[in-house]
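This report is meant for a reader who is meeting the structure for the first time.

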Amino acid sequence: VLIVGLALVLDGVIEYKLGVKSARLIKKFLPIYGFMAIPLVLICIFNLYPVWLQTILSCKDFNLKDGVWGSKWVGLYQFKTIFTDTLMLQVIGRTIYISVLRLIVGIIPPLILSVCLYDLKSSKMRSVFQNIVYIPHFFSWVVIYAIVSAFLTPNGVVNNVIVNLFHGEPIDFLSKPELFYTNMIFSSIWKEAGWGSILFMASLMGIDKSLYEAASICL
């Protein structure tokens with residue numbers, strides 16, 4: 001009875017505020033709104049609420065005993081500490097540098113790869129190569145690190161080649177600070193180059209074939 005009564009009151013408010021025509025449309029699509037309400041509630045619970053809770057936590061001196069709401073409110077003190085600490089500023093600066101470096105360097109390999117795949121005449125060979133270069137994108141970074149470690153450790157594949165074929169000394173690639181950026185950039189390129197080439201491939205596929213004919217005539 002309470003649910004029916006609330007529904008009638010809500011119906012009356014909608015008709016009064018929006019008019020009869022709008023109310024009829026809302027009634028017509030009410031089941032669809034009901035289906036939309038379920039994912040909307042899930043988004044609010046699992047996406048919006050954690051963000052709001054983390055924002056509150058960032059302004060508090062969190063204590064596990066007192067909980068989120070019982071902890072002392074400190075305002076922007078945590079942010080002041082972050083942006084005045086020398087080590088933290090170095091971390092932020094290096095993070096920005098790595099992001100920009102990955103963005104700039106990561107554009108070229110997918111572009112070259114997409115052109116090479118586009119120029120393949122055999123569709124079967126193209127699909128095989130595409131599947132091979134797309135696979136690393138679906139690996140987690142833990143798996144990527146395990147693969148890179150298997151290649152670059154002192155007992156890895158690369159050092160075995162250096163020692164056995166070239167009779168050189170093994171190099172610990174993962175322990176040298178000067179090789180950190182190189183290892184990270186190349187592993188990132190290997191992981192994402194295939195996936196990034198999809199956008200360039202889509203652009204190349206959308207080019208009108210008549211433009212190629214016109215260009216060949218001009219040449």
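## The chain as a whole

In this protein, 43% of the contacts with a separation of 6 or more are between residues 24 or more positions apart. The model is a predicted one, and every value given here should be read with that in mind.

The protein holds 12 helices and 2 strands, and from the N terminus on its elements follow the order α-α-α-β-α-β-α-α-α-α-α-α-α-α. The protein has 219 residues, of which 17% count as buried.

## The largest nonpolar core

Which residues make up the largest nonpolar core? This core has 5 residues, namely Ile98, Met184, Ile185, Ile189 and Ala193, and its largest share, 4 residues, is supplied by H11. As a general background, nonpolar side chains in soluble globular proteins tend to be buried together.

Ile189, one of the core residues, also touches Val105 and Pro109 when residues up to four places away in sequence are not counted.

## The largest pocket

Rolling a probe the size of a water molecule over the atoms shows where empty space is left. The largest pocket contains about 290 Å³ of space, and of the 14 residues that line this pocket, the closest to its centre are Tyr145, Phe180, Asn183, Met184 and Ser187. Helix H9 (141-152) and helix H11 (180-205) are the elements that give two or more residues to the lining.

By residue class, the lining of the largest pocket divides into 9 nonpolar, 3 polar and 2 charged residues.

## Ser71 in strand E2

Ser71 belongs to strand E2, which covers residues 71-73. Is this residue buried or exposed? Ser71 counts as buried because its relative accessibility is 7%, which lies under the 20% cut-off for that class.

The side chain of Ser71 reaches two backbone atoms: the nitrogen of Asn63 at 3.0 Å and the oxygen of Gly67 at 2.4 Å. Once its neighbours within four places in sequence are left aside, Ser71 is in contact with Lys60, Asp61, Phe62, Asn63 and Asp66, so that Asn63 is named both as a contact of Ser71 and as a backbone partner of its side chain.

Not counting residues up to four places away in sequence, Gln130 touches Leu117 and Met201.

Leu111 is found in helix H7, residues 108-119, and is partly exposed, with a relative accessible area of 38%.

How values were computed
Residues are numbered from 1 along each chain as its sequence is written. This is a predicted model: local features need pLDDT of at least 70, side-chain atom pairs count only at pLDDT 80 or more; totals for chains, interfaces and linings use all residues. Side-chain values use heavy atoms; hydrogens and water are left out. On a 1 Å grid over the protein atoms alone, a cavity is a set of points where a 1.4 Å probe fits but cannot get out, and a pocket is an open set with protein on both sides within 12 Å along at least five of seven lines; lining residues have an atom within 4 Å of a point. Grid points are joined across faces, edges and corners, and a volume is the space filled by probe spheres set on the points. Ala, Val, Leu, Ile, Met, Phe, Trp, Tyr, Cys and Pro count as nonpolar, Asp, Glu, Lys and Arg as charged, and the others, Gly among them, as polar. A nonpolar core is a set of buried Ala, Val, Leu, Ile, Met, Phe, Trp, Tyr and Cys residues joined through side-chain atoms within 4.5 Å. Buried means under 20% relative accessible area, exposed over 50%, partly exposed in between (1.4 Å probe, protein chains only). Contact means heavy atoms within 4.5 Å. A polar contact is a pair of N or O atoms within 3.5 Å; within protein, one must be able to donate a hydrogen and the other to accept it, and residues adjacent in sequence count only if both atoms are side-chain atoms.
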